[in-house]
Amino acid sequence: MKKKSVLFAWTAGMVMFSACSSNDDIMGNGGRNDGNAAQQFVLQVASSGDGLTTRAGRPLESSKAQQDVDNVKLFVCDVSDNVVYTTQISDWETTSTDCSVGGHGKEEVIEIPSDSKLPQGTYTVYAIGYSNNSDYDLDAITDLQKGNKFSENQLISFKNDAGNKIGEEIFAGSLPLTVSQNGFKKPVVLNRQVAGTFAYITDIPYIEGAAKLRLVASQLNTQWVFGNFASVDLANNGSNNGNNVKYVVNGATPSPDNNETVYEINLSDWFNNIEDKDNDNLIDANEWKGDATKYAQGSVFAGSFIIPFEKVDGSNTFKLQMTKTDGTVLREWAVKLPSDQLSNTLTAWNSNTNAFEEVKDYSETANIYSVFRNHLYGIGQRTSDNPTKPGTSDGTNSDIPISLNDKQDLTLRVNDNWEVIHNMEIE
């Protein structure tokens with residue numbers, strides 16, 4: 001069974017509403033129960049990330065649990081899904097304060113003003129964490145104001161002019177809330193809504209005309225669904241998350257084309273010359289021009305967030321291909337999942353019923369498997385964006401690219417606050 005993290009997206013980190021001390025305290029204001037007690041949410045973004053770029057969102061550079069969140073918007077809805085209270089925190093990284101939970105993270109307390117206090121009753125709280133200038137069209141959610149109707153199962157598309165239409169990290173979560181005369185302080189965990197995949201590769205075979213390595217998926221979804229939340233505070237990054245691991249495909253609207261490219265690695269970006277002067281059938285590592293402070297000598301790397309998708313029967317979920325400049329495939333490797341990471345459980349969006357449904361009699365094989373929300377699929381091992389000793393493992397942090405020398409197939413490694421980090425292999 002695959003180990004998967006419960007964040008709705010990929011390790012980058014976790015966003016949550018919680019307190020540094022107790023996550024579910026009653027705020028009684030000195031024991032008052034006259035309706036004047038404080039109503040608070042403590043917004044906490046754990047594992048704030050580095051390695052940010054100027055484009056929307058952050059790049060995927062390792063399995064480290066982190067994230068790039070500029071804004072968090074919160075909605076409180078009544079039983080009829082009407083928004084009765086909403087607020088937004090902008091410039092999260094600069095306005096929040098440090099929190100010592102888990103040794104990292106930031107937080108900010110949100111208290112509902114006295115003139116907007118929630119009367120006794122039953123509510124649902126929703127929250128979304130996203131980057132400035134997101135490539136997603138989020139207006140249907142972010143423009144909602146008090147009095148508007150909230151739609152949990154909202155389809156999210158890329159903007160027409162988006163530079164990235166594969167996937168961008170984003171977080172969301174929900175919480176059922178019962179309000180009595182007492183005050184409250186409640187956590188709302190925002191989990192990653194996308195998956196992630198990366199390839200960290202060394203010992204690259206030399207084939208005349210080789211120009212690129214690329215990861216190809218059996219299909220790609222063009223939308224994802226804001227809903228079916230699993231608001232859980234994951235204790236571990238990619239492993240030992242027990243029953244908190246979810247197997248959810250929240251992607252929708254498959255692209256009309258199969259075997260689509262997730263990312264490409266231009267070999268000329270990593271090597272001065274693509275040649276084999278020592279006749280060992282590998283691209284000469286002494287021609288490598290990569291950053292030795294970040295990557296192992298002779299290696300290449302690429303990563304991407306990706307909208308989750310269901311398996312396509314009869315087609316390998318992922319293939320790594322070596323190609324010429326014009327895309328002609330020179331060699332291909334199947335990218336497999338280890339047997340202990342295969343799943344027999346799947347909940348997916350059904351566009352015919354407009355609902356999330358459990359898929360009956362679901363099963364996977366090493367080559368054919370679904371890509372789940374908040375699971376990370378990695379070729380090679382890379383647990384930090386900035387390893388202290390690239391190409392080595394010290395027992396805590398691993399930075400070990402996978403060798404392509406004499407490999408026929410690759411095996412994935414999946415994980416991270418991330419629910420699960422899948423280690424994909426080449427055999």
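How many of the seven residues of strand β19 are buried? Six are, so strand β19 (residues 300–306) is mostly covered, where buried means under 20% relative accessible area with a 1.4 Å probe, protein chains only. This is a predicted model, in which local features need pLDDT of at least 70, side-chain atom pairs count only at pLDDT 80 or more, and totals for chains, interfaces and linings use all residues. Residues are numbered from 1 along each chain as its sequence is written, and side-chain values use heavy atoms, with hydrogens and water left out.

**Strand pairing**
- Strands here are DSSP runs of E with at least two residues, numbered from the N terminus.
- β19 pairs with strand β13 (residues 195–202) in the antiparallel sense over seven bridges; a pair needs at least two DSSP bridges.
- Within this pairing, G196 stands opposite F305 in β19.

**Around N367**
- N367 sits in the loop that runs between β23 (355–358) and β24 (375–379).
- Leaving aside residues up to four places away in sequence, N367 touches S315, N316, T317, A334 and K336, a contact being heavy atoms within 4.5 Å.
- The side chains of N367 and N316 are joined by a polar contact of 3.3 Å; such a contact is a pair of N or O atoms within 3.5 Å, one able to donate a hydrogen and the other to accept it.

**Confidence**
- The pLDDT, the predictor's confidence in each residue from 0 to 100, averages 80 over the protein chain, and 76% of the residues score at least 70.
- Confidence is highest in strand β14 (residues 212–217), at a mean of 97, and lowest in strand β1 (residues 14–17), at 45.
- Residues 46–57 stay under 50, and the model has 38 contacts for them beyond four places in sequence.

Notes:
Helices (H or I, at least four residues) and strands (E, at least two) are DSSP runs, numbered from the N terminus. Buried means under 20% relative accessible area, exposed over 50%, partly exposed in between (1.4 Å probe, protein chains only).
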